[in-house]
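This report walks through several parts of a protein structure, one element at a time. Please keep the sequence and the 3D view open while reading.

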Amino acid sequence: MPNHFTVHPLGPAIGAEVLGLNLADGFSNETLSQINVALVKHEALVLHVPHLTPSQHLSIAQFFGTPEVHTFYPNLGEGFEQLTIIDSKLGDRADMWHHDESFLPSPPIVTMTQAQILPPCGGDTCWISMTTAYDALSDRMKHYLDGLSAWHDMNGPMTAALRHNAVTHERYLQVVNMSRRHLHPMVRVHPVTGRKALYISPTYTTHIEGLEPSESDAILAFLHAHCQHIRFVYRHRWQLGDMVIWDNRSVIHHAILDYTPHQRRMHRASVFASDAHPA
Ligand SMILES: O=C(O)CCC(=O)C(=O)O
């Protein structure tokens with residue numbers, strides 16, 4: 001049975017919410033296909049699903065691709081290893097602009113995160129439409145970026161976390177010894193829409209291949225500032241049970257850390273490309 005819901009845009013560049021979704025009807029492939037159409041169009045999609053079970057969370061993830069066991073966050077355990085926990089009580093947070101795990105050769109294409117425990121206020125998450133940010137560049141800048149690639153490295157944020165006492169030295173060494181980094185084109189073409197998106201972030205992108213360090217720093221600083229313009233951003237104020245699904249091929253995100261000493265706990269799944277949903 002198809003689920004009858006409506007999709008209400010939350011901003012002209014990025015963001016929409018799904019209204020009237022009836023979880024009791026489950027998630028048929030037809031429903032998920034319609035959600036995917038909305039996701040690809042709006043890039044970040046809010047679902048109000050307070051009664052979603054971990055099994056349903058996993059089924060949604062499986063529709064979008066191959067769920068991963070996350071590189072460094074803990075998970076829900078046996079049978080639900082692909083459901084990651086980001087809990088401020090465990091010292092975990094994501095207060096940095098990033099694509100999920102862009103230091104991998106084939107990073108996750110879609111992520112779906114649900115709010116489990118929220119602070120009394122704050123703890124919003126923001127997404128940037130990297131397609132709209134790309135579109136807004138001049139033709140000359142687009143031409144300049146064409147063919148350039150940049151390195152994405154996991155070590156930068158780990159070093160920052162160590163400096164802020166957010167990780168133990170042992171955890172830092174564990175992660176750094178994995179030596180995860182990859183060279184990606186700075187502009188990627190979305191496999192479904194054909195839209196071009198900037199593929200850089202201040203968190204993981206260290207430098208542009210082939211440029212002098214000072215040139216690379218200057219170009220990246222300009223591009224990061226450009227992307228962070230408020231008109232490309234959707235900011236979500238979470239309600240318990242909200243799930244946001246986003247398209248890592250076309251957005252970066254940042255979870256605001258403004259709620260200390262309160263607890264904030266999210267459950268999330270991210271998926272790798274499959275034949276049905278290419279990278
Ligand atoms: O905590 C959030 O709102 C976002 C967390 C995050 O960065 C992620 O799930 O990849």
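## A serine in a loop

In this predicted model, the side chain of S201 reaches the backbone nitrogen of Y204 at a distance of 3.2 Å. S201 itself sits in the loop that runs between β11 (196-198) and β12 (205-208). When neighbours within four places in sequence are left aside, the residues in contact with S201 are W97, H98, H99, H224 and I252.

## Helix α1 and what it packs against

Helix α1 covers residues 29-42, and its 14 residues reach 20 Å from the first C-alpha to the last, which is close to the 20 Å expected at 1.5 Å a residue. Just after α1 comes E43, which takes a positive phi of about 75°.

The buried residues of this helix are T31, L32, I35, N36, A38, L39, V40 and H42. As for their surroundings, the buried residues of α1 pack against the strands β1 (6-9), β2 (16-19), β3 (44-48), β6 (110-117) and β14 (242-247), and also against helix α2 (54-64).

In soluble globular proteins, nonpolar side chains tend to be buried together. The largest nonpolar core in this model has 27 residues, and those with the most contacts inside it are I35, L47, I60, F64, M112 and I245. At least two residues of this core are supplied by each of β2, α1, β3, α2, β6, β14 and β16 (265-272), with α2 giving the most, namely five residues. Another core, of 24 residues, lies apart from this one, and M130, A133, L137 and A197 are among its members.

## Strand β14, between two partners

Strand β14 is mostly covered, since six of its six residues are buried.

Which strands pair with β14? β3 and β14 run antiparallel and are joined by five bridges, and in this pairing L45 stands opposite I245. β6 is likewise antiparallel to β14, again with five bridges, and here M112 has I245 as its bridge partner. The contacts of I245, leaving aside neighbours within four places in sequence, include both of these partners, L45 and M112, as well as I35, L39, L47, I60 and F64.

Strand β7 (residues 125-129) is mostly covered, with five of its five residues buried. Both of its faces are covered, T125, W127 and S129 being buried on one side and C126 and I128 on the other. β7 pairs in the antiparallel sense with strand β13 (residues 233-236) over four bridges, where C126 stands opposite R235. It also pairs in the antiparallel sense with strand β15 (residues 251-255) over five bridges, and in that pairing the bridge partner of W127 is H253.

There are 13 residues around the ligand, and those that come nearest are D100, T125, H253, R264 and R268. Three of these residues can be described through their polar side-chain atoms. For D100, such an atom lies 2.8 Å from an oxygen atom of the ligand, whereas for H253 the corresponding distance to a ligand oxygen atom is 2.9 Å. In the case of R264, an N or O atom of the side chain is 2.7 Å from an oxygen atom of the ligand.

## A serine in strand β16

S270 is placed in strand β16, and it counts as buried because its relative accessibility is 1%. Not counting residues up to four places away in sequence, S270 touches T66, P67, E68, H70, E101, P108, V110 and T111.

With which side chains does the side chain of S270 make a polar contact? One is the side chain of E68, at 2.5 Å, and another is the side chain of R268, at 2.9 Å. R268 is also one of the residues that come nearest to the ligand. Finally, the C-alpha atoms of S270 and N248 are separated by 9.3 Å, while the two residues are 22 residues apart along the chain.

How values were computed: Residues are numbered from 1 along each chain as its sequence is written. This is a predicted model: local features need pLDDT of at least 70, side-chain atom pairs count only at pLDDT 80 or more; totals for chains, interfaces and linings use all residues. Side-chain values use heavy atoms; hydrogens and water are left out. A polar contact is a pair of N or O atoms within 3.5 Å; within protein, one must be able to donate a hydrogen and the other to accept it, and residues adjacent in sequence count only if both atoms are side-chain atoms. Contact means heavy atoms within 4.5 Å. The expected span of a helix is 1.5 Å times one less than its number of residues. Buried means under 20% relative accessible area, exposed over 50%, partly exposed in between (1.4 Å probe, protein chains only). A nonpolar core is a set of buried Ala, Val, Leu, Ile, Met, Phe, Trp, Tyr and Cys residues joined through side-chain atoms within 4.5 Å. Two strands pair if DSSP finds at least two bridges between them. A residue is near a molecule or strand if one of its heavy atoms lies within 4 Å of it.
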